[in-house]
Amino acid sequence: MSAPVDMNCKGLVELVTDYLEGALPEAERASLEQHLAGCEGCSAYLEQMRVTIALTGRLTEDAIPADGREELLDVFRAWKEQTSSW
Amino acid sequence: MSDRPPIRASDEDLRVVEALRAGDEPSFAMLVDRYRAPMLRVAQMYVSTRAVAEEVVQDTWVGVLRGLDAFEGRSSLRTWIFRILANTAKTRGQREARSTPFSSVWAAGDDEPAVDPDRFFPDDDPSAPRGWRSLPARWDAIPEERLLGKETLDRIREAIDALPANQREVIRLRDVLGWGSAEVCNALEISETNQRVLLHRARAKVRRALEAYLGEEGPS
C-alpha cells in the first residue's frame with residue numbers, strides 16, 4: 001500500500017481525465033474517490049464532465065463539400081482496372 | 001492501464017477489406033464518406049494548404065488500395081488508414097520544407113488550468129485551501145429539451161472549433177467519433193500520456209463553454 005495521496009478540489013479537476021480513462025495509479029484513484037464521496041463541488045464537477053462527454057458524442061461530423069469525392073472514386077476505379085488487367 | 005492490447009481488425013473490417021480486394025466500389029465509397037472529413041483535417045496539420053491536404057488524402061487512398069494485400073488485421077482498418085495518412089502527410093510536409101518539426105504538431109504546450117483558478121480558495125486559506133469558492137452547478141435539474149437542444153450542441157461545436165488544432169482533432173476522434181484511446185494513439189502515433197493531456201484540455205474547455213451557456217437564464 002502506498003501512502004495516501006493528499007487530494008484537494010483544485011488538484012482533483014486536473015486528474016478527472018486520467019480518472020475517467022482508468023489511468024490513475026491505485027493510491028491516487030482511491031484518494032480521489034474518497035474525496036469525491038465527501039465533496040459536493042467535485043462530484044458536481046465530475047458529473048458535468050460526464051455530461052459534457054456524452055453531449056459531445058451527439059455531434060455529427062461537419063458536412064464537407066461533395067467535390068473531391070468523385071476524384072477519390074476515380075482512384076478506386078483506376079486501381080481496379082489496373083489490378084484486374086494483371 | 002497504459003498497456004492496453006492493440007485494437008485488432010473487427011470482423012466488419014475484414015469483410016470490408018475482402019470486398020475492396022474484390023473490387024467492390026460501394027464499400028470503398030462508404031469508407032471515403034466515413035473518413036474523408038477527419039482525414040482532411042488531420043492532413044492539414046502537417047501541410048500548408050487545404051489543396052495540398054486534399055492531395056495527401058488522395059495519395060493516402062492510393063496507398064491504402066496498393067497496401068490492401070499486406071493488411072493483416074493487426075490493427076483496426078481505420079487505424080491502418082490513418083497511419084498511412086500520417087506518413088503520406090509527413091512526406092509531403094517534408095517536401096514543403098516546413099519550419100516546424102512534426103514532433104511539435106502534437107505537443108501539448110504550456111500548462112493551462114482546467115478551471116479558472118479564481119474558482120478556488122488560495123493555497124494558504126485557513127479553512128478550505130484549494131477548495132471550491134463557487135461550486136459547479138448540478139446539471140441534472142436542467143430540462144432535457146434545453147440540455148439536448150440544438151443551441152447547446154452549437155455551443156459545443158463552437159468550443160471545439162476554437163481549440164488548438166491538436167486538441168481539436170483528439171477530442172473529435174475520441175468523443176465525437178467515439179474512437180478508443182489506443183486507436184487514436186496508434187493512428188496519430190502519439191503516446192497515451194500525450195493524448196490524455198490534449199483530451200483533458202479539450203474537454204475542460206468544452207465543459208467551461210457549456211457551463212457558461214447553461215448558467216445563463218434559459219428560455220422560460
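Guide: Let's start with pLDDT, the predictor's confidence in each residue, from 0 to 100. Chain B averages a pLDDT of 91, and 94% of the residues score at least 70. This is a predicted model, where local features need pLDDT of at least 70, side-chain atom pairs count only at pLDDT 80 or more, and totals for chains, interfaces and linings use all residues. Residues are numbered from 1 along each chain as its sequence is written, while chains are lettered from A and ligands numbered from 1 in the order in which they are written.

Visitor: What ipTM and pTM does the predictor give the complex?

Guide: The ipTM is 0.88 and the pTM is 0.89.

Visitor: How many helices and strands does chain B have, and what counts as one?

Guide: Both are DSSP runs numbered from the N terminus: helices are H or I with at least four residues, strands are E with at least two. By that rule chain B has 9 helices and 0 strands, and chain A has 5 helices and 0 strands. Along the sequence, chain A reads α-α-α-α-α.

Visitor: What makes Leu199(B) buried?

Guide: A residue is buried if 20 or more other C-beta atoms lie within 10 Å of its own, exposed if 12 or fewer, and partly exposed in between, with C-beta atoms placed from the backbone. Leu199(B) has 23 other C-beta atoms within 10 Å, so Leu199(B) is buried. Leu199(B) sits in helix α9 of chain B.

Visitor: Which residues does Leu199(B) touch, leaving out those up to four places away in sequence?

Guide: Contact here asks for C-beta atoms, placed from the backbone, within 7 Å. Leu199(B) touches Thr17(A), Val170(B), Ile171(B) and Arg174(B) on that count. As for Asp175(B), 24 residues apart from Leu199(B) along the chain, the two C-alpha atoms are separated by 9.1 Å.

Visitor: Why is helix α8 of chain B called largely enclosed?

Guide: Because 7 of the 8 residues of α8 (residues 181–188) of chain B are buried, the rest of the structure largely encloses that helix. The buried ones are Ser181(B), Glu183(B), Val184(B), Cys185(B), Asn186(B), Ala187(B) and Leu188(B). Their cover includes α4, α7 (165–176) and α9 (192–215) of chain B. After α8(B) comes Glu189(B), with a positive phi near 55°.

Visitor: What share of each chain is buried?

Guide: In chain B, 35% of the 220 residues count as buried; in chain A, buried residues make up 20% of the 86.

Visitor: Where are the domains of chain B, and how do you know?

Guide: The bounds come from an automatic or database domain assignment, which gives domain 1 (11–102) and domain 2 (117–215). Their C-alpha centres lie 29 Å apart. Across the boundary, 11 residues of domain 1 of chain B are in contact with 10 residues of domain 2 of chain B. On the domain 1 side, α4(B) gives the largest share, 5 residues.

Visitor: What does Ala43(B) contact, leaving aside neighbours within four places in sequence?

Guide: Ala43(B) is in contact with Ala53(B), Val56(B), Val57(B), Leu85(B) and Ala89(B).

Visitor: How many residues of chain A are in contact with chain B, and which helix gives the largest share?

Guide: The count is 39 residues of chain A in contact with 44 of chain B. On the chain A side, the largest share is 12 residues from α4(A).

Visitor: How does that side of chain A divide into nonpolar, polar and charged?

Guide: Ala, Val, Leu, Ile, Met, Phe, Trp, Tyr, Cys and Pro count as nonpolar, Asp, Glu, Lys and Arg as charged, and the others, Gly among them, as polar. The side of chain A that touches chain B therefore divides into 16 nonpolar, 11 polar and 12 charged residues.

Conventions:
Contact = placed C-beta atoms within 7 Å.
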